[in-house]
Structure formats: C-alpha cells, structure tokens
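Please look at the sequence and the model, then read the points below.

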Amino acid sequence: MENKEIFIKDNEFVIRKVDKEGYSTVVDSPKFIKKVREHFITFFITILLLSALPFIVGYIFYYLEYTKINTVMYCSSISFLIYFIIILLWLNGRFDKPWEGVVTKKDYEIRETTHKGRTRNYTVYVLYVKTNSGNIETIEEAYNEGYYYKHFKVGDRIKYHPKFQYYEKYDKTKDKEVLCPFCSSINRIYKDNCIKCGIPLIK
C-alpha cells in the first residue's frame with residue numbers, strides 16, 4: 001500500500017497517510033513473514049517457561065524437603081493445565097478460512113456476569129458483517145467500544161485474516177490509527193511498524 005506525505009504547517013511535521021484504497025500486501029512481504037515467525041517462536045518459548053514454572057517450584061520444594069511428592073504431582077497438573085489453556089487460546093480461529101464482506105449493522109448488548117456471588121452488567125459492542133458468500137459474521141468487543149466498533153462504519157468493506165484474528169478495512173484513506181495484528185497496540189497511521197512489538201502494520 002503506497003503512502004502519501006502530507007505537510008502540516010502548524011507543527012512543521014510530516015505525516016504519511018494511506019493514499020489508496022485496497023487491502024494491504026504487507027502480509028505477504030518477507031519482512032512480515034519473518035517477524036511473524038519470530039513472534040511465534042517467542043510465544044512458544046514463553047508458553048514453555050510459564051507452564052514449566054509450577055512444576056519447577058514444586059520439585060524444588062520437594063528436593064528441599066519442604067513438601068511431599070503429591071504436591072509435585074499437583075504442581076505438574078497446574079503446569080499441564082496452563083500449557084493446555086494457552087495452546088487452545090492460540091489455536092482459536094487458526095483453522096478458520098479468510099473471508100471478505102461488508103459491515104451491515106452496528107449494535108450493542110447489555111450482558112451479565114457473576115463472580116463470587118456478585119452480578120454486574122457489561123456492554124458488548126457488535127458489528128454485523130455480510131460476507132461475499134452470503135453468510136453473516138459478527139465482531140464482538142466488550143471494552144471501551146473497541147477498536148473495530150469505533151473505526152468501522154456501516155458500508156465498509158473488510159477482510160478477515162484468521163491467522164491473526166484480525167479484521168482489515170479496505171478503505172483506510174481517512175484513518176488516523178491502525179491496530180497491531182499481534183499485540184493490539186494502536187499506532188498512528190504513518191507508522192510502518194508497531195511501536196510496541198515491531199511487527200509491520202497492515203495498512
């Protein structure tokens with residue numbers, strides 16, 4: 001996607017905005033693919049360290065005779081559970097197929113959640129998307145109206161990237177911000193890489 005340089009006289013600062021409509025080709029670039037590979041390697045190393053921590057702590061306590069073997073087994077179960085949950089979260093959406101569609105409706109719902117006997121209401125912001133194949137997909141966000149709810153309008157064409165669980169707008173020419181597909185940081189549109197994780201931005 002080409003960028004256009006716009007000079008702001010008041011601040012004497014150059015801002016590059018997306019100057020053409022269309023879906024980004026960044027996801028197919030060698031730089032993006034390399035960064036994605038590095039990101040996943042870091043992700044799995046972190047998973048292994050986190051999941052192994054309870055087992056290591058339990059074994060150290062057993063070795064120092066502070067606890068019994070059943071505690072080590074208990075800690076091992078926690079390690080396995082952490083690993084299993086994180087893997088499930090990572091696999092969520094990985095086997096979905098990409099699709100394109102048009103935003104047809106924006107709405108919100110009030111839902112309830114109960115924790116420790118206390119019930120509270122929270123708002124879920126929902127985007128309805130009619131795909132090119134005629135199906136209806138929804139995008140749900142439950143925090144501060146969410147990035148997609150704020151930036152996507154009825155009539156916008158969007159594309160779903162299942163590997164990143166990321167929704168890309170076709171027309172970004174009026175956007176001032178762009179969401180990182182991995183760490184979900186919000187970046188100014190003139191940035192080429194995420195200010196937090198360094199992944200090339202999809203724009």
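The lining of the largest cavity divides into seven nonpolar residues, no polar ones and five charged ones. Here Ala, Val, Leu, Ile, Met, Phe, Trp, Tyr, Cys and Pro count as nonpolar, Asp, Glu, Lys and Arg as charged, and the others, Gly among them, as polar. The model is predicted: local features need pLDDT of at least 70 and side-chain atom pairs pLDDT 80 or more, while totals for chains, interfaces and linings use all residues. Residues are numbered from 1 along each chain as its sequence is written, and side-chain values use heavy atoms, with hydrogens and water left out.

**Cavity**

- A search of the whole structure finds one cavity of 30 Å³ or more, and the volume of the largest cavity is about 80 Å³.
- A cavity is a set of points on a 1 Å grid over the protein atoms alone where a 1.4 Å probe fits but cannot get out; a pocket is an open set with protein on both sides within 12 Å along at least five of seven lines; lining residues have an atom within 4 Å of a point.
- Grid points are joined across faces, edges and corners, and a volume is the space filled by probe spheres set on the points.
- Residues lining the largest cavity include Tyr-147, Phe-152, Tyr-166, Tyr-167, Glu-168, Lys-169 and Ile-202.
- Strand 7 gives the largest share of this cavity's lining, four residues.

**Second largest pocket**

- The second largest pocket holds about 230 Å³ of space.
- Among the residues lining this pocket are Val-27, Phe-32, Arg-37, Pro-98, His-161 and Phe-164.
- Helix 1 supplies the largest share of the pocket lining, five residues.
- By class, the pocket lining has eight nonpolar, one polar and three charged residues.

**Aromatic contacts**

- There are 13 aromatic pairs in the structure; rings of Phe, Tyr and Trp (its six-membered ring) pair if their centres lie within 6.5 Å, and planes under 30 degrees apart count as stacked, over 60 as edge-to-face and the rest as tilted.
- Phe-32 and Phe-164 form an edge-to-face pair, 5.5 Å centre to centre with 80° between the planes.
- Phe-32 lies in helix 1 (residues 30-63) and Phe-164 in the loop between strand 6 (157-161) and strand 7 (166-169), so this pair ties together parts 132 residues apart in sequence.
- Phe-32 is buried at 1% relative accessibility and Phe-164 is buried at 14%; buried means under 20% relative accessible area, exposed over 50%, and partly exposed in between (1.4 Å probe, protein chains only).
- One aromatic cluster is formed by Trp-99, Tyr-147, Tyr-148, Phe-152, Tyr-160, Tyr-166 and Tyr-167; both Tyr-147 and Tyr-148 are buried.
- The charged end of Arg-157 sits over the ring of Tyr-170, 3.9 Å from its centre, and that of Lys-105 sits over the ring of Tyr-128 at 5.4 Å; the criterion is NZ of Lys or CZ of Arg within 6 Å of the ring centre and within 35 degrees of the ring normal.

**Fold and strand pairing**

- The chain has three helices and nine strands; helices (H or I, at least four residues) and strands (E, at least two) are DSSP runs, numbered from the N terminus.
- Strand 4 (residues 118-131) and strand 5 (residues 136-141) pair in the antiparallel sense over six bridges; two strands pair if DSSP finds at least two bridges between them.
- Tyr-125 stands opposite Glu-141 in strand 5.
- Of the chain's 203 residues, 31% count as buried.
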